[in-house]
Amino acid sequence: MGQFMHFFDQVSPLPMHDFAHHKRARAEHIKFRALFTAVARRLGRFSLNQIGTIFNRDHASILHYSKRHEELVNEDDSYALIYMDLEDNIKRLMDEKYGNSDL
């Protein structure tokens, strides 16, 4: 998980420490938690509980971030572009470090 978080930090416009550990998250923080959750689930294949550990939240909160991600991808073009860019760049970093991942 640590290496994946490092990859995310390398390509994300908002560093993990800015959105991961706040109790009362702003709307921007929620968006980035949703982004991280979606990319971590898809590329890192991390469980809801593993992701929840990062945000100090339970699996139900992470499921909420997943649902929020789906809503944002369908409603917000700029969010969808950020998501696609993050996914492409993290996949590239993973491929460089570990070889082709076939995702």
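**Note on the predicted helical model**

1. Asparagine 56 has a relative accessible area of 58% and is therefore exposed (exposed means over 50% relative accessible area, buried under 20%, and partly exposed in between, with a 1.4 Å probe and protein chains only). This residue sits in the loop between α4 and α5; helices here are DSSP runs of H or I with at least four residues, strands are runs of E with at least two, and both are numbered from the N terminus. The phi of asparagine 56 is positive, near 55°, in a residue other than glycine.

2. The model is predicted: local features need pLDDT of at least 70 and side-chain atom pairs count only at pLDDT 80 or more, while totals for chains, interfaces and linings use all residues. Residues are numbered from 1 along each chain as its sequence is written, and side-chain values use heavy atoms, with hydrogens and water left out.

3. Arginine 45 also has a positive phi, about 55°, although it is not a glycine. Its place is the loop between α3 and α4 (48-55), and it counts as exposed because its relative accessibility is 58%.

4. Helix α6 covers residues 77-98, and its end C-alpha atoms are 31 Å apart, in agreement with the 32 Å that its 22 residues should span at 1.5 Å a residue (the expected span is 1.5 Å times one less than the number of residues). Glycine 99 follows α6 and has a positive phi, near 95°.

5. The buried residues of α6 include Tyr79, Tyr83, Leu86, Ile90 and Met94. An α-helix has 3.6 residues a turn, so residues three or four places apart point the same way. What covers the buried residues of α6 includes α1 (2-11), α3 (27-44) and α5 (59-75).

6. The axes of α3 and α6 come within 10 Å and cross at roughly 40° (axes are lines fitted to C-alpha atoms, for helices over the stretch in contact, and angles run from 0 to 180 degrees between N-to-C directions). That makes α3 oblique to α6, since under 35 degrees counts as roughly parallel, over 145 as roughly antiparallel, 65 to 115 as roughly perpendicular and the rest as oblique. The residues of this contact of α3 with α6 divide into eleven nonpolar, no polar and four charged (Ala, Val, Leu, Ile, Met, Phe, Trp, Tyr, Cys and Pro count as nonpolar, Asp, Glu, Lys and Arg as charged, and the others, Gly among them, as polar).

7. Glutamate 87 lies in α6 and is buried, because its relative accessible area is 15%. Leaving aside neighbours within four places in sequence, glutamate 87 is in contact with Arg42 and Leu43, contact meaning heavy atoms within 4.5 Å.

8. The axes of α1 and α3 come within 11 Å and cross at roughly 130°. That makes α1 oblique to α3. Phe4, Met5 and Phe8 of α1 meet a set of α3 residues that includes Phe32, Phe36 and Gly44. By class, the contact of α1 with α3 has nine nonpolar, one polar and no charged residues.

9. Histidine 22 is in the loop between α2 (16-19) and α3. Its relative accessible area is 36%, so histidine 22 is partly exposed. Apart from neighbours within four places in sequence, histidine 22 is in contact with His17, His29, Arg33 and Arg57. The C-alpha atoms of histidine 22 and arginine 68 are separated by 18 Å, and these residues are 46 residues apart along the chain.
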